[in-house]
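Subject: Structure handover

Dear colleague,

Please find the structure below, for your files. My notes on it follow.

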Amino acid sequence: MNYLALNGGALALALSLCAVPAAAQTIKIGSVLTLSGPNATLGENMDRAIKLYMKLNQDKLPSGVKVEVLTRDDGGPNPDKAKQLSQELIVRDKIQFLTGMTWTPNAMSSAPLATEAKVPMVIMNAGTSVITTMSPYIVRVSFTLWQSSLPMGTWAAKRFKTAYVAVSDFGPGHDAEAAFTKGFTDAGGKVVGNVRIPLANPDFIPFMQRAKDAKPEAVFAFVPAGKQATAIMKAYGELGLDKAGVKFIGPGDITTDEELPNMGDVPLGVLTVFHYSAAATRPANKAFIAAWKKEYGENSTPSFMSVGAWDGMDAIYYAIREQKGKVDPDKTMELLRRYKNPNSPRGPISIDPDTRDIVQNEYLREVRRVGGKLANVELETVQTAVKDPWKIINNKK
Amino acid sequence: MSTHAGGYSADPRVRWIEFLPWIVAVAAFFALPEYLSLGARILIYVLYALSLDLIVGYAGIITLGHSAYFGLGAYVAGILAAKAGFHDPFVQLAAAGAAGALLGISTGAIILRTRALTLLMLTLAITSVLMEVANKATALTGGADGLSGVVVAPILGLFKFDIFGKTAYLYCLLVLLLGWWLVRKMIYSPFGTSLRGVRENSLRMHAIGAPVYWRLVLVYTLSATIAGVAGGLITQTNQFVGLNVLSFESAGELLVMLILGGVGRIYGAFVGPVVYLIAQDLLAKQFPEYWYFGIGTMLVLVVMFARGGILGILDGTLAKLRRKP
Amino acid sequence: MEAFFASLVSVAFHGTALGMILYVISVGLSVTMGLMGFANLAHGVFAMAGGYVLTTAISRFGAPFPLALVLAFAAVAAASVVLERLLYSRLYTASDLEQVLFTIGLIFVAVAVARFIYGTLQQPVVLPDYLKGQFSLLGRDFPTYRVFIIVFSAAMVALLWFGVERTRWGAMVRATVDNRAMAQSVGINTRRLFTLTFALGSGLAGLGGGLGAEIIAIQPTYPFENLVYFLVVVSVGGLGSLRGPFVAALLIGIADTACKYWLPQYGAFPIYVATIAVLLWRPAGLFGRHA
């Protein structure tokens, strides 16, 4: 329950117990995540990944250098609050890195602060394409909706002639809608209707009813991962869309790994395109999952947000290491632009030096039963080393 | 509404103790440079609370929809700055106030014909309408993502709105000073007295031929204007507007701040936000659940035992001390 | 044309389900406000509590669904009696402002307690198998549970109306709503009547909250999020009346669903504008009494 205090206290205790030589340096990292409210699981999954990474990678820091993460709760997509928290972290706590950023609105509102204060901002989740263009001090290690939804559209046009598009009404939703529509229609498909669903607490039934009544071959949906994904999946099942032969497709947010256990049997057969699945069999992922379950229990599953946070910490540690603990903002950005990790749990990743955005593989997955539980089984690699298509199409950096 | 000790004297001259808040504010500027953005927020909420006190405390109108004017002011300033290219801070602020006034008079004229639940419901509905518009008119307001790109030019070309909030703090302090002076002047005027008459016994006011309705509309409009200005300030300070400015939760919080300080007295609007926001800054981050529990309990206790809020308790204590030989 | 008719049917159906839930929850508020003149903005807390009782009874204790429904009613009614005796009754003569503040305080406390006990997530609703799936009626498929909601709520409503029209208690309620002073002078024990009616109204809210947990999600911020809807039902329907809120609830349920379906880009905007229009035309509500 008082997760924050407990982990903060443990961290402080651990830090204080280490024998600190006189020349020791503590690098402060500010992490703005969602730890309360209906979307608390999202931030918790990120926070856990951050703590786990720090625990297992103490040797990756230069000697005499310590890292302290100051975690703040934004309560959900609350851009005003997030901006306030980021500002306080920068001005009062004098952080050298700003990270976390579960939500697009929160990242967007905090971006100007990164520029003004010259604080490198490592985005661990928020997926709207335009974010990285808002400040030269932003680097994103998570994903963009265009990366997943454009290939999904192209692939879907081979299987389905018509599709209905339903997305949440905010940044990532608009991106997913535009990306899928482009991919789908460019490859010959027809979008028979679309709807934007309010972000705050929607009842999905009327919207899914609209989708059903348009009689498409498939419904492409995007909602924030977590409880909303479960809710829309339930609506899909309750209205009998699966029985009516309408396939449910979307980016991996809708079958997010940590929520699959709560969705019942409805998701079986749902096809998604995404950059990470907890069921992936590559060795780096197996090691990651094992370490996670050892720390957080057999019944706990990391999500793609956990991997985003994990890789984010890896990137930050890399920047710290290369500068031997003397962190300069511009040098950090130069280093982060060149960051690569061939062995992330999601496969090979790197940062595009021009756009400071993530480059990674996208996989086609199907929800199947594996070992008695539902999992996103990776069927094939739809595209390798995908750069954010939106920026390419629109010529933005 | 029960009367409260020491609410306002008949003497309109400024008492020495009334300089205290301003001295504290200026001292804070020098003593706490890292907390100036919190300070600016407190100042803005004091102004906002003052505007609410005008209608709830002095005119006795219960509303849960005051955030409509605050939010409208905030968005108008933001849209002018981000979409229409008006970067001058004074233009933005004036527009925010004007928007508040316009909405205030149009809605006030309509809803003040009703009472009690109907009035409350109308205030809620009006705010909800604005909230929906802000949510859906994404091209103008940014919707759920919020409105970024709010550019506020340096004041008089010299004082930039920076990340530390130094300019913002002094700017808000100045605006608050003006707002306070205006409110104070009004309260001690004959108009202010007639307002108290309306609150205490509107039936009698009708009987003596004083036009109640138009007085209420006037004070409501004034209050909405000030709230609009406060909204503009918050946009300029944050250089951002989010849907939160229109939320019920923040309207509820404002009411709590006002009650905490003491309703129906100018300085209640000063004490309340200061105590609430500082306490929130210290406590709420660590223990968000306990914070709401504490606030709720405090509200219930205040209503049952300490209706005058902090200032009421202070007055009571002072009165007891004076009685001792 | 056939497609339009089909969507009309589904909007009417889902709208009615929502409307019924809104009514079951809000009728208690209407009666209490008419009876005691007390603006209980915290009414949503009782609905939320009912939702939590129901979902906990099923998930944690494995109670069968019907029992869980009864528990939702009974537990919330009982708790409301305690609250009424201890707190509410002290404020019957307080000013409007104080009543509003008090109830807002209650909401804050309830939200915090809910968060503390249950965490911040929506409560998962586990339905019994016989209520899952689709129900075939006249060649169309409807979600079984929503059919159940409509039928069960209608039964509750009929019971309530019968109770108010035909029983002695009902007569006393109607008398006191009409003229409290007069009712007291003919010997009606208004104090006991208040408590009993308050309990009944809150219990119904709890029942509605539990029943409607699928439609209106049970989470700690429930009383804040849905306050406007309950208040709209009561103010548009008319305080103290039974029929008024019923009509209002159905109108709102259907209008809300229709808007979400046909005009999703406007959100709930039309509903609020309509509310304002109705209240300006009839400030006492569609079926209200006092001007």
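The side chains of Lys234(A) and Glu214(C) form a salt bridge, at 3.6 Å from N to O; the term stands for a side-chain nitrogen of Lys or Arg within 4 Å of a carboxyl oxygen of Asp or Glu. This pair crosses between chains: Lys234(A) is in helix α8 (residues 227–238) of chain A, and Glu214(C) is in the loop between α8 (190–211) and α9 (222–237) of chain C. Helices (H or I, at least four residues) and strands (E, at least two) are DSSP runs, numbered from the N terminus. Lys234(A) is partly exposed at 33% relative accessible area, while Glu214(C), at 15%, counts as buried. Here buried means under 20% relative accessible area, exposed over 50%, and partly exposed in between (1.4 Å probe, protein chains only).

On provenance: this is a predicted model, in which local features need pLDDT of at least 70 and side-chain atom pairs count only at pLDDT 80 or more, while totals for chains, interfaces and linings use all residues. Residues are numbered from 1 along each chain as its sequence is written, chains are lettered from A and ligands numbered from 1 in the order in which they are written, and side-chain values use heavy atoms, with hydrogens and water left out.

Other salt bridges

Over all chains there are 27 salt bridges. Within chain A, Lys182(A) and Asp186(A) are joined by one of 2.8 Å, N to O. Both residues belong to helix α6 (residues 171–186) of chain A and are four residues apart, about one turn of the helix. An α-helix has 3.6 residues a turn, so residues three or four places apart point the same way. Lys182(A) is partly exposed at 31%, and Asp186(A) is exposed at 56%. Another bridge joins Glu366(A) to Arg368(A) at 3.1 Å, N to O; Arg368(A) is partly exposed, with 38% relative accessibility. Shared partners also link Glu88(A), Arg92(A), Arg41(B) and Asp281(B) into one salt-bridge network.

Interfaces

Chain C and chain B bury about 3,600 Å² between them, with 85% of it on carbon and sulfur atoms. Buried area is the accessible area (1.4 Å probe) that two parts lose on being put together, summed over both. On the chain C side, Leu97(C), Leu101(C) and Phe108(C) lose the most area to chain B, together 18% of what that side buries. The contact (heavy atoms within 4.5 Å) takes 41 residues from chain C and 40 residues from chain B. Zero salt bridges are found across this interface of chain C and chain B.

Between chain B and chain A the buried area is about 2,400 Å², and carbon and sulfur atoms give 49% of it. Four salt bridges are found across the interface of chain B and chain A. Asp169(A) and Lys136(B) form a salt bridge, with their closest N and O atoms 3.8 Å apart.

Helix α5 of chain B (residues 116–136) has 21 residues and should span 30 Å at 1.5 Å a residue; its end C-alpha atoms are 30 Å apart, which agrees. The expected span is 1.5 Å times one less than the number of residues. In α5(B), 18 of the 21 residues are buried.

Aromatic rings

There are 44 aromatic pairs over all chains. Rings of Phe, Tyr and Trp (its six-membered ring) pair if their centres lie within 6.5 Å; planes under 30 degrees apart count as stacked, over 60 as edge-to-face and the rest as tilted. Tyr318(A) and Tyr339(A) make a tilted pair, 5.6 Å centre to centre with 55° between the planes. Tyr318(A) lies in helix α10 (residues 304–322) and Tyr339(A) in the loop between α11 (329–337) and β11 (340–344) of chain A, so the pair ties together parts 21 residues apart in sequence. Tyr318(A) is buried at 17%, as is Tyr339(A) at 2%.

In chain C, ring pairs join Phe38(C), Phe46(C), Tyr88(C), Tyr92(C), Phe102(C), Phe194(C) and Phe198(C) into a cluster.

Backbone

Lys215(A) has a positive phi, near 50°, and is not a glycine. Lys215(A) is in the loop between α7 (205–213) and β8 (218–222) of chain A and is exposed at 70%. Lys324(A) likewise has a positive phi of about 50°; this residue is in the loop between α10 and α11 of chain A and is exposed at 64%.

Regards
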